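The following is a tutorial dialogue on reading a structural model. Please consult the sequence and the structure first.

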Amino acid sequence: MAMNNLALGVFLIVINLRLFAKGTEDASQGLGASFIFGDSLVDAGNNNYLPTLSRANIPPNGIDFKPSGGNPTGRYTNGRTIGDIVGELLGQPHYAMPFLAPNCTGKVVLHGVNYASGGGGIMNATGRIFINRLSLAIQVDYFNITRKQIDQLLGEKEARDYIMRKSIFSLTIGSNDFLNNYLLPVLSIGTRISQSPDSFIDDLITHLRAQLTRLYQLDARKFVVGNIGPIGCIPYQKTINGLNQDECVALPNKLANQYNARLKDLMTELNKTHPGATFVHANVYDLVLEIITNYGKYGFTTASRACCGNGGQFAGIIPCGPQSSMCKNRDKHVFWDPYHPSEASNIIVAKQLVDGDPKYISPINLRQLRDLGL
């Protein structure tokens with residue numbers, strides 16, 4: 001009798017383990033892959049492998065990134081990026097691997113790949129001040145390489161289904177096209193001397209449309225494209241312009257809003273002209289401005305001073321590095337360094353993108369996008 005009970009117990013354990021494994025497998029398959037394009041807001045370490053002046057693989061960057069034990073990974077924040085957190089919330093079992101990492105090969109690409117690059121922009125000329133960075137066009141070139149690898153791993157038919165139905169393509173890009181291109185001093189490499197704002201934004205939209213169309217031709221169907229945040233409110237801009245803590249620089253925000261209006265129109269256009277695709281618009285500008293304006297409501301003590309940095313009233317001139325001053329309560333600062341949000345801010349933004357309402361993410365949120373067509 002005891003042996004029969006033992007056998008029954010073992011049988012039930014085996015069945016439960018199989019059901020658990022199947023459920024885990026199904027959840028993973030439902031998510032598919034996350035392909036991340038963009039700039040330093042979502043770079044997971046690609047710039048580590050470039051000879052560039054824009055790098056974040058130095059402490060104390062990454063001090064709160066648990067998978068690395070608090071060591072820097074090349075993320076431009078104290079912990080996870082928005083892309084990392086969105087992936088977690090949608091059930092992704094692994095972070096999207098930086099494309100340039102030596103171990104970004106084989107089956108690991110089926111969980112997604114990160115192509116983002118600090119200093120990169122929509123325009124190829126953007127970020128030249130950093131010497132090297134990956135523009136959006138190069139990032140899409142690199143996805144083309146990944147796309148062929150997925151064909152080899154799954155076979156052409158299954159690979160196409162995996163990309164079209166089970167994968168999300170996110171783009172977080174555009175800030176550098178203003179901060180490290182158009183708004184640079186005209187005696188440097190800025191384009192203001194030769195182009196009006198409208199003309200420059202026309203070029204941005206034209207280039208962005210072309211790259212999104214390239215991704216569509218490579219079978220991408222589920223897109224989320226973020227607009228440009230309130231770049232006139234970052235600690236760097238406040239510091240160099242000598243503003244008070246509750247002020248923002250008008251021109252960068254004006255340009256961001258001009259671009260953002262055109263981007264929203266582009267999303268509407270692409271949803272009409274690209275059959276079978278869904279282009280989701282992430283209203284990062286209003287979401288981040290809400291956090292900055294009402295920072296106390298979200299548990300922050302400052303939305304002006306960088307947690308890690310040096311120079312000026314808001315520690316907003318010298319980027320975060322080993323010699324920087326660093327705040328004690330990193331989760332109380334909206335900004336990690338003179339340019340980038342803290343992990344605490346990234347968490348708020350990511351949650352809104354995944355489950356938020358149409359004010360910040362439309363026409364559907366990212367959880368709905370993930371489940372679309374499955």
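The dialogue below takes up the fold, the cores and the salt bridges in turn.

Q: What kind of model is this, and how are the residues numbered?
A: This is a predicted model, in which local features need pLDDT of at least 70, side-chain atom pairs count only at pLDDT 80 or more, and totals for chains, interfaces and linings use all residues. Residues are numbered from 1 along each chain as its sequence is written, and side-chain values use heavy atoms, with hydrogens and water left out.

Q: How many helices and strands does the chain have?
A: Helices (H or I, at least four residues) and strands (E, at least two) are DSSP runs numbered from the N terminus. Here there are 11 helices and nine strands.

Q: In what order do the strands of the open sheet lie?
A: Two strands pair if DSSP finds at least two bridges between them. The open sheet has seven strands in the order 2-3-1-4-5-6-9, with mixed pairing. Strand 2 runs parallel to strand 3 (residues 112–114), joined by two bridges, and Pro98 stands opposite Asn114.

Q: Which residues touch the most other members of the largest nonpolar core?
A: In soluble globular proteins, nonpolar side chains tend to be buried together. A nonpolar core is a set of buried Ala, Val, Leu, Ile, Met, Phe, Trp, Tyr and Cys residues joined through side-chain atoms within 4.5 Å; buried means under 20% relative accessible area, exposed over 50%, and partly exposed in between (1.4 Å probe, protein chains only). The largest core here has 81 residues, and Phe35, Phe37, Phe178, Leu212, Tyr259 and Leu366 touch the most other members. Helix 6 (residues 197–217) gives the most to this core, with eight residues. Another core, of five residues, lies apart from it and includes Cys307, Cys308, Cys320 and Cys327.

Q: Which salt bridges does Arg147 form?
A: Side chains of opposite charge can pair when their charged atoms come close. A salt bridge is a side-chain nitrogen of Lys or Arg within 4 Å of a carboxyl oxygen of Asp or Glu. Arg147 meets Asp151 at 2.9 Å, N to O, and Asp219 at 2.7 Å. Asp151 and Arg147 both lie in helix 3 (residues 136–154), four residues apart, whereas Asp219, in the loop between helix 6 and strand 5 (222–226), is 72 residues from Arg147.
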